Amino acid sequence: MPSTQLPAIEIVNQVPSGADHVVVGLQGGEPRLVGVGSATEKAAKPFGGVLELARSLGAESRAGHVTLLPRLDTALAVVGLGEDEPTPEQVRRSTGAAVRALLGRSGEAPVHVAVNLSTDEPETVRAAIEGAVLGADEFTKVGSEPRQRVSRLSVVSAVSGAEAKQVLADAEAVARAVLTARTWVNTPANLLYPQTFAEQAKDLAKGSKIEVEVLDEKELARQGFGGILAVGGGSARPPRLVRLDYKPRGARNHLVLVGKGITFDTGGLNLKPAEGMYTMKCDMSGAAAVLAATRAIAELGLAVHVTCYASMAENMPSGSSYRPSDVITMYGGQTVENVNSDAEGRLVMADALARAQTDRPDLVVDVATLTGACMVALGLRTAGLMTSDDATADLVLDAAEVAGEDFWQLPIPEHIRSELDSKVADLKSGGSRYGGAMTAAAFLQRFVAQDTAWAHLDIAGPAFNSEQPYDYVPNGGTGASVRTLVELARSLQD
């Protein structure tokens, strides 16, 4: 199981005297400082006050803009919060940016960070905690012990008592889940492959009320999971299907999560070019997200029945690889003409989606780094959403808004569905080069019952950040969609 140790986190009514670093805010068109204590203001008096000092160093109220001040009574980071009252996501992003900047200036020793942004609403306090924890996250080199850069985190707020305790529990569970997903995504594929990934998924469920089932290649063959077996058939490391089930008392809604777990994608016989293959250890981001989110949902005790499927395979070229033009019999009996062996994700997902129908779910959500076409359409920071109906889309988009993640709904037009017609099988695995994200969604929907609410999340863009870190997002795995899935489950409790 990935190491996801969190700092000691507390919600306090004032900045502790021993804090090494303090994050304060700059807000408004006519800028005003938020969270500066009297001792700091007194120490800055020779410079005309903290506001004048900060502005002289280039501080802006633009959301996420960070200015590090010379040490006064403490090391100070002034972060922009925007002109209006900041949303929880703006607080999350600004706090993450500020903590990253502070850690860039500090040494190797763990530090105590205090955040004082007048965050008095529970949602905003939670966002500040998540932003600070996720912003402090750094990639750990293989063979090195994870570094705890922030040893203690203090968030100043008027929230107290039982409410503060609940806010803290929510923030810690979600942050831990995001860090778990990030760690899995960042692990090299020679260390994380279907067998080890499945073992770590079992470890993740320990100590919770989650039941675990793992199907190996023999059981997959016995039950007819033709898609997973075909994709994994070219690798010396056989595939796995992991099923988690969390069913608390009183749960009235049943949510099924399905995640793509291609631990490395070479493209198979349709081999990717070298530059397109290097980051393909991230092709299991969907599985990482649904597994980590399920653990967080159970940890929070949310009253919703959650079943999670993670389809794990390694897509490799060899003499036993599946071929373009092969016809594959999927779980449940539908036959698929394989068009391109680099369109492997939809095959492993389709098997799990078909199996999920036997669970009689109220809502099915699948998550996958599925298409480069979605990245072309929406860029690297926005995920695609395609659904069975607009009511389901609204449900997911509302959860994403609360969680602070960017999704954009794309259609599944009828003419796209018709491109999947095959002369030799029930359907093809792909269509033309145009509208690839929608074509993939149309394919997946063929494995979902018509009367079942369904949503497909294509996280190909935001799942892995190959560029410089920003806000609370590091270089590498991001943990995309974890927060949205937890919020979705929370919304289904009623």
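Me: Hey, which side chain makes a 3.3 Å polar contact with glutamate 344?
Reply: Lysine 260 does, in this predicted model: a polar contact of 3.3 Å joins the two side chains.

Me: Okay, and where is glutamate 344 in the chain?
Reply: Glutamate 344 is in the loop between β13 (335-337) and α11 (345-356).

Me: Is glutamate 344 buried or exposed?
Reply: Buried, with a relative accessible area of 1%. Leaving out residues up to four places away in sequence, glutamate 344 touches several others, including Lys260, Asp265 and Asp283.

Me: What does UniProt say, which residues get "binding site"?
Reply: The unreviewed UniProt entry puts that annotation on Lys260, Asp265, Asp283 and Glu344. They're spread over 85 residues of sequence yet cluster in space, with a largest C-alpha distance of 11.4 Å.

Me: Tell me about aspartate 265 then. Which strand is it in?
Reply: Aspartate 265 is in strand β10 (residues 254-265), and it's buried at 2% relative accessible area. A polar atom of its side chain lies 2.9 Å from the backbone nitrogen of glycine 267.

Me: New topic: how many disulfides are there in the whole structure?
Reply: Zero, going by a search of the whole structure.

Note on methods: Residues are numbered from 1 along each chain as its sequence is written. This is a predicted model: local features need pLDDT of at least 70, side-chain atom pairs count only at pLDDT 80 or more; totals for chains, interfaces and linings use all residues. Side-chain values use heavy atoms; hydrogens and water are left out. A disulfide is a pair of cysteine sulfur atoms within 2.5 Å. UniProt positions are given in the numbering used here, feature names are shortened, and annotations may be inferred rather than shown by experiment. Helices (H or I, at least four residues) and strands (E, at least two) are DSSP runs, numbered from the N terminus. Buried means under 20% relative accessible area, exposed over 50%, partly exposed in between (1.4 Å probe, protein chains only). A polar contact is a pair of N or O atoms within 3.5 Å; within protein, one must be able to donate a hydrogen and the other to accept it, and residues adjacent in sequence count only if both atoms are side-chain atoms. Contact means heavy atoms within 4.5 Å.
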